[in-house]
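Morning, everyone. Please have the sequence and the viewer open, and follow along as I talk.

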Amino acid sequence: MITGQAVCLGPDIDTDLIIAGRYLRTKDRSVWGAHVFEDLDPSLAGRLSGAIIVAGRNFGCGSSREQAPVALREAGVVAVISPLFARIFFRNAINVGLPVLEADLTCRDGDQIAINLNEGVIEVAETRYSFTPLSPRMRDILDAGGLVTYWRGKA
Amino acid sequence: MSQTLTERILGGSAGEYVDRRVDRAYVHDGTGVLTLEAFRSMGVQAGMDPEKISVLFDHICPANTGLTADLQRELRQYTCSAGMKFSDCGGGICHQIMSEGCILPGEVVVGADSHSCTGGAFGAFATGVGATDMAAIWASGETWFRVPETIGITLEGRLSGAAEAKDLALSIISHLGMEGATYCALEYRGEGAATLSMEDRLCICNMGVETGAKNAIFYADAVCREYLGRYGHEIDLQIPSDCSYHREVTIDLDDIVPLVAPPHRVDSGRPVADLAGTEVDQVLLGTCTNGRYSDLKRFAGIVRGRQVKVRTIVVPASRDVLLHATRDGIIADLIAAGCMVVTPGCGPCLGMHNGVLGDGEVCLSTANRNFKNRMGVGGLIYLASPSTAAATALEGCITDPEVQV
């Protein structure tokens with residue numbers, strides 16, 4: 001069970017908005033977490049600890065930068081929900097161990113959300129939503145904590 | 001019904017999950033650093049033939065800071081010791097170098113950059129992945145795919161007037177929308193496709209990802225065979241078959257007019273005439289979309305013998321492009337017209353160096369993305385073709401190349 005409070009965002013949030021290109025040239029992951037969403041709303045980074053992002057359609061469009069899901073995870077985001085994810089972001093998020101779920105839900109900032117990955121259910125207040133199940137491979141990678149640890153298990 | 005070209009190459013039907021051997025894998029200096037880090041963390045041996053892996057420095061070339069230089073040095077040393085193919089700063093943009101005789105029809109090509117869909121111009125399945133996915137490919141030489149649904153785009157007629165492949169690309173994106181082809185393949189066919197040069201097709205496939213597409217693809221035809229023949233490759237043609245598409249779109253190339261996509265959406269294309277007169281501070285000619293020889297030639301043909309009114313940055317897509325344009329006098333014409341010519345690479349497209357915008361500054365760019373703050377905080381990006389960029393550079397405001405020419 002994954003639980004957290006909703007932080008609601010609009011549609012078409014690109015990876016440049018998630019983490020700007022000017023912060024990419026480092027291997028220090030804390031830099032990405034500190035500057036996440038800076039060009040969208042500089043106050044957001046401080047409100048993401050334990051958050052579940054509920055975004056509009058086409059979340060994560062644009063560049064293939066894996067720093068985008070890493071920045072979200074570093075800032076404390078526990079899951080992202082959107083009716084439609086850009087495909088490279090979606091794969092990258094699973095690969096770095098960040099749960100991403102395709103679902104169209106109605107909620108407000110601060111709503112408590114509970115996600116049951118096994119049952120495929122998201123609960124917001126009294127309302128239950130289903131989400132598109134992950135493929136078995138993606139679920140294995142996510143359960144391993146990401147693709148690096150998935151491969152370590154194989155080595 | 002037979003399979004779409006993407007289904008044929010991936011060996012499955014839309015919606016199926018398949019494991020596929022990767023024929024060519026590449027990274028650049030931006031994603032390569034994270035790929036190497038992830039690969040080392042996996043604690044596995046490289047399972048992929050290093051000859052099939054390319055590492056091509058293009059994002060910040062030459063390095064802009066000590067930190068960038070340190071990151072590049074580490075990746076450079078590893079690449080060379082591992083026997084991978086390497087292109088250092090100055091060689092050019094990864095997608096362009098891969099297009100200079102490296103990608104062949106029918107191949108599965110994966111790049112750690114979203115614009116890796118460019119290589120579909122050769123009838124290959126070419127797509128972008130993230131750094132950790134690429135590390136797993138280095139380890140195993142293969143990866144998994146969900147076979148995409150295909151949107152069939154039939155092209156009729158022929159581009160005319162000042163309309164270019166870029167205008168067609170912007171038109172398609174505006175028609176489909178920024179998420180209109182998410183998870184799908186874009187397959188181009190029809191008599192109009194045969195009229196497009198390989199450079200046109202590379203530009204069109206390059207921008208496929210701006211609709212959310214997984215890949216974009218043209219059938220390898222006589223134009224493709226002639227182009228790859230120049231690099232010493234003999235290829236078999238790919239013959240389109242009667243297949244059923246997830247969705248079909250027909251475009252008459254004669255209807256395409258020069259477009260501009262104003263900030264901050266790539267699908268916001270409007271006729272140049274609607275935005276004519278908008279003042280600009282900078283013009284950018286280059287990037288993996290429009291930094292090729294034909295782009296430089298077309299731009300130089302318009303500015304030759306005249307002076308640009310705003311700072312104009314030209315970034316050839318590769319060393320080969322720069323050499324070719326130098327030998328033909330195109331670079332001399334550009335410099336004489338007042339343009340700055342900088343090192344082949346991504347240049348200022350991603351806002352790192354060589355032309356970062358100031359707050360409120362406007363750039364007319366031939367690149368593929370006009371996202372908020374991409375070229376600098378507060379900077380505004382208008383996307384257009386090389387001809388529109390040239391006309392705009394001469395006037396200092398957005399100018400319709402149809403009118404000026």
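I'll go through the sheets, a helix pair, the contact between the chains, and a few single residues.

One caution before we start. This is a predicted model.

Chain A comes up with an open sheet. Seven strands make it up, in the order β4-β3-β2-β1-β5-β6-β7, and the pairing is mixed. Which strands stand at the edges? In chain A they are β4, residues 100-102, and β7, residues 127-130. Each has a single partner strand, so one side of each is left without a neighbour in the sheet. From one strand to the next, the twist averages 30°.

In chain A, β3 covers residues 79-82 and pairs with β4(A) in the parallel sense, over three bridges.

Now the open sheet in chain B. Five strands here, ordered β4-β3-β2-β5-β6, with parallel pairing. The edge strands of this chain B sheet are β4, 85-87, and β6, 125-128. Again each has a single partner strand, so each has one side without a neighbour in the sheet. Neighbouring strands are turned by 15° against each other on average, with direction ignored.

Strand β3 of chain B, residues 53-56, pairs with β4(B) in the parallel sense over three bridges. B:L56 has B:S87 in β4(B) as its bridge partner.

In chain B, α5, residues 131-140, lies across β2 (24-28), β3 and β5 (108-111). Its direction is about 140° to β2(B).

Next, the helix pair, also in chain B. Take α6, residues 165-176, and α8, residues 198-206. Their axes come within 9 Å and cross at roughly 25°. Angles under 35 degrees count as roughly parallel, so α6(B) is roughly parallel to α8(B). The crossing is right-handed. What meets what? From α6(B) we have B:A165, B:K166, B:L168 and B:A169; from α8(B), B:D200, B:C203 and B:I204. By type, the residues of this contact divide into five nonpolar, no polar and two charged.

On to the two chains together. How many residues of chain A are in contact with chain B? The count is 34 residues of chain A, against 40 residues of chain B. On the chain A side, three helices each supply at least two residues: α1 (15-18), α4 (87-95) and α6 (147-154). The largest share is that of α4(A), with five residues. Residue types on this side of chain A divide into 12 nonpolar, nine polar and 13 charged.

Now single residues. Start with B:E187, in strand β9 of chain B, residues 185-189. Is B:E187 buried or exposed? It has 25 other C-beta atoms within 10 Å. The cut-off for buried is 20 or more, so B:E187 is buried. What is B:E187 in contact with, once neighbours within four places in sequence are left aside? The list is B:T4, B:L5, B:T6, B:T150, B:G152, B:I153 and B:I217. One distance as well: B:E187 and B:K214 are 27 residues apart in sequence, and 11 Å apart in space, C-alpha to C-alpha.

Then backbone geometry. Two cis peptide bonds to check in chain B. One runs from B:C61 to B:P62, with omega near -15°. B:P62 is in the loop between β3 and α3 (66-82) of chain B. Another joins B:P263 and B:H264, with omega about -5°. Find B:H264 in the loop between β12 (259-260) and β13 (270-271) of chain B.

Last, positive phi outside glycine. A:A125 has phi near 50°. The residue is in the loop between β6 (121-124) and β7 of chain A. A:A125 is exposed, with 11 other C-beta atoms within 10 Å. Over in chain B, B:N354 has phi near 60°, also a positive value in a residue other than glycine. B:N354 lies in the loop between β16 (340-341) and β17 (362-365) of chain B. With 19 other C-beta atoms within 10 Å, B:N354 is partly exposed.

That's my tour. Over to you.

Note on methods. Residues numbered from 1 in each chain as written. Chains lettered and ligands numbered in written order. Predicted model: local features only at pLDDT ≥ 70, side-chain atom pairs only at ≥ 80, totals over all residues. Pairing = 2+ DSSP bridges. Helix = DSSP H or I, 4+ residues; strand = E, 2+ residues; numbered from the N terminus. Axes fitted to C-alpha atoms, helices over the stretch in contact; angles between N-to-C directions. Parallel < 35°, antiparallel > 145°, perpendicular 65-115°, else oblique. Left-handed = near helix turned anticlockwise from the far one by under 90°. Contact = placed C-beta atoms within 7 Å. Nonpolar A, V, L, I, M, F, W, Y, C, P; charged D, E, K, R; others polar. Buried ≥ 20, exposed ≤ 12 C-beta atoms within 10 Å, placed from the backbone.
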